[in-house]
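User: I would like to learn how to read the pockets of a protein model. Please take me through them with an example.

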Amino acid sequence: MSTGSFTVSQALNYRGGKRVQPADGSGTEEAYEPATGRVIATFQCSGEKEVDLAVQSAKAAFKIWRKKSGMERSRILLEAARIIRERRDEIATVETINNGKSIFEAQLDIDISWQCLEYYAGLAGSMAGEHVQLPGGSFGYTIREPLGVCVGIGAWNYPFQIASWKSAPALACGNAMIFKPSPFTPVSVLLLAEIYTEAGAPPGLFNVVQGGAATGQFLCQHRDVAKVSFTGSVPTGKKIMELSSQGIKPVTLELGGKSPLIIFSDCDMENAVKGAMMANFLTQGEVCCNGTRVFVQREILDKFTEEVVKQTQKIKIGDPLLEDTRMGPLINRPHLQRVLGFIEQAKKQGAKVLCGGDLYVPGDPKLKDGYYMKPCVLGNCKDDMTCVKEEIFGPVMSVLPFDTEAEVLERANDTTFGLAAGVFTRDIQRAHRVVAELQAGVCYVNNYNVSPVELPFGGYKMSGFGRENGRVTIEYYSQLKTVCVEMGDVESVF
Ligand SMILES: NC(=O)c1ccc[n+]([C@@H]2O[C@H](COP(=O)([O-])OP(=O)(O)OC[C@H]3O[C@@H](n4cnc5c(N)ncnc54)[C@H](O)[C@@H]3O)[C@@H](O)[C@H]2O)c1
Ligand SMILES: NCCCC=O
C-alpha cells in the first residue's frame, strides 16, 4: 500500500464480535492521513444508546470469560499475539497512514503490542490468591477476581499499542473491555478487535466505540462500567477522574509529561546524543514520556549541542511509508500550528533556534498538504520559559546548561509533571543516587524511551497514577476477595 491510496469504507465500531454502524450518534468526525492531509474515514460518534449496547455486549461476554481458567484465557491471548505478529507489517502500515509516524517506528510499536499480549498470557495462568492459616484449624484465603466491564480511552500517538497495553492485562484478568480510541486515529484498533475474535475470544469481549469527549463521558458514567483506564492529557484526565468518582470507579491515568534528561560531563558522549534524540524525536516528538528538558553539564555543553544539532539535521523527514524515513508528519494541522507557536514564543522569550523549527515541504507533490516540520533544537533556554515548562508534544528539544548535581536535581524536579526522567553518566554511584532523587515514575539510566513490556510504566505527580505493563498491572485490573472459613463453632458475644 502506498501513501495517498488508503480509505476506510467499513464500519468503525465493533460490538458482539463484528463491525457495526453505531445505533445512534452525536455528530460525525473525519479521520485524516497526516502525510497527505486526505480524509481517509468519516464516522459517527457513538451516542448513549450505542455505548449502552457496547456495555451490554461486554457484560454478556464477561459472564463467559470470567469462568474460564487462566490457562484458557492465556491460549486465546497467545493466539492473538501470534496473529498480530503474523500481520505486523499490515497493521503497522495502517498505523502509519492514520498517525503519520514512520513505518520503521510503527513496526516496533506493533512488536511491543504483541509482546504485551504474550506477557500477560504468561501471567494469566498463575494469577492466584493466598492461603492463611487461622487459630483452631480455621483458615482464610483470597481470590483474585476480575472487575467486570472495563473501559479503555486512548490518545492518538500510539493507537494500536495503547489499546494493546490496556486490553491485554484486562482480558488476562478475566475482564471484558470497551475501547474508545482518539477520534484522530480510529482505524487500527479495529484490527485488534478482529484479531481477538479470530483468536477465539467470545463475541463482545473486546468492543470499540468511536467518538470524542461526549462518547467518552457516556462510557465513564455508565453504571455497569467497573473501571476506566485513560491515556491522554492532564485536563482530560481530571475530567475522567471526576466523572468516574461519581460511580466510585477505579481509574488508571496515563497523562502528559515534561520530563528531564540529565547529561553529566562524564557520559559516553555518543550514547548521550543518541539518548537525547530518542528522548525527543520518536513519533515526531508526540510522546508522553519524552525527555524534552535536556540538562547538559556546562563543561560539555558546546560539544554536546553541536553534535545533537548535527544529528537532528540528518533526520530524514518525508513519506512515512518509505523504509528510510525517520520522521513523518505531525498528527494534524492545528497541532502543527500549536507546536510552531511554541517555537515562536520561545524565540520571543529569548531562546535560540539552533536548527529546524519551521515547516517542511517534501519534494513529492502528493505530500504537499501534509503536516510536516523540521525537528527543532532550542538553545539559550531558561527554566521559566514556556517551552521548558509546558508539554509541547512535538519535535522540540530544549537544551539547558547546569553546573552541579544538587542544582540539576532541584531544577529537574521543579515541575508539576512526573512521568519519566533520564540520566547519562559513567559513574554508577551517581546514576543511582540521582535516580533515587528524581520525582518520576519511569527513570532511564544511559538510555531513553525503551519500552520493555516486563517493566511497569506510569507517572508520579500530575502525570497520573496506576501502571501499565509489568506484573503490577494485574492489581489494577482485578480485585481481591477474602474468604474466612470457620472450622469450629461460632463463639458469639451475645
Ligand atoms: N502517560 C501515557 O502513557 C501517555 C501516552 C500517550 C499520550 N499521553 C498524553 O496524551 C496527550 C495527547 O493525547 P490527546 O491529545 O489524545 O489527549 P486528550 O486528553 O485530548 O484525549 C485523549 C482521549 O480522551 C478522550 N476525551 C476527551 N475529552 C474527554 C472527556 N471529557 N471524557 C472522556 N474522554 C474524553 C479523547 O476523545 C481521546 O480519546 C498528551 O498530553 C500526552 O502526554 C500520555
Ligand atoms: N512507547 C510508549 C510511549 C507511550 C507514551 O506516549
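Predicted model: local features only at pLDDT ≥ 70, side-chain atom pairs only at ≥ 80, totals over all residues.

User: What is the volume of the largest pocket?

Analyst: The largest pocket holds about 1000 Å³ of space.

User: Which residues lie nearest the centre of the largest pocket?

Analyst: A lining residue is one with an atom within 4 Å of a pocket point. Here the lining has 38 residues, and those nearest the centre are Trp156, Phe230, Gly232, Ser233 and Thr236. Two or more lining residues come from each of helix H7 (213–221), strand S10 (225–231), helix H8 (234–246) and helix H11 (333–348). H8 has the largest share, 6 residues.

User: How do the residues of that lining divide into nonpolar, polar and charged?

Analyst: In the largest pocket, 18 lining residues are nonpolar, 13 are polar and 7 are charged.

User: Which residues are closest to the centre of the second largest pocket?

Analyst: The second largest pocket has a volume of about 750 Å³. Glu105, Tyr158, Met278, Leu282 and Asn449 are closest to its centre, out of 34 lining residues.

User: Which element gives the most to the lining of the second largest pocket?

Analyst: That element is H4, with 5 residues. Helix H4 (103–124), helix H5 (159–172) and helix H9 (269–281) each contribute at least two lining residues.

User: And how do the residues of this second lining divide?

Analyst: The lining of the second largest pocket has 20 nonpolar, 6 polar and 8 charged residues.

How values were computed
Residues numbered from 1 in each chain as written. Chains lettered and ligands numbered in written order. Heavy atoms only, no water. 1 Å grid on protein atoms, 1.4 Å probe; cavity = no way out; pocket = protein on both sides within 12 Å on 5 of 7 lines; lining within 4 Å. Points joined across faces, edges and corners; volume = space filled by probe spheres on them. Helix = DSSP H or I, 4+ residues; strand = E, 2+ residues; numbered from the N terminus. Nonpolar A, V, L, I, M, F, W, Y, C, P; charged D, E, K, R; others polar.
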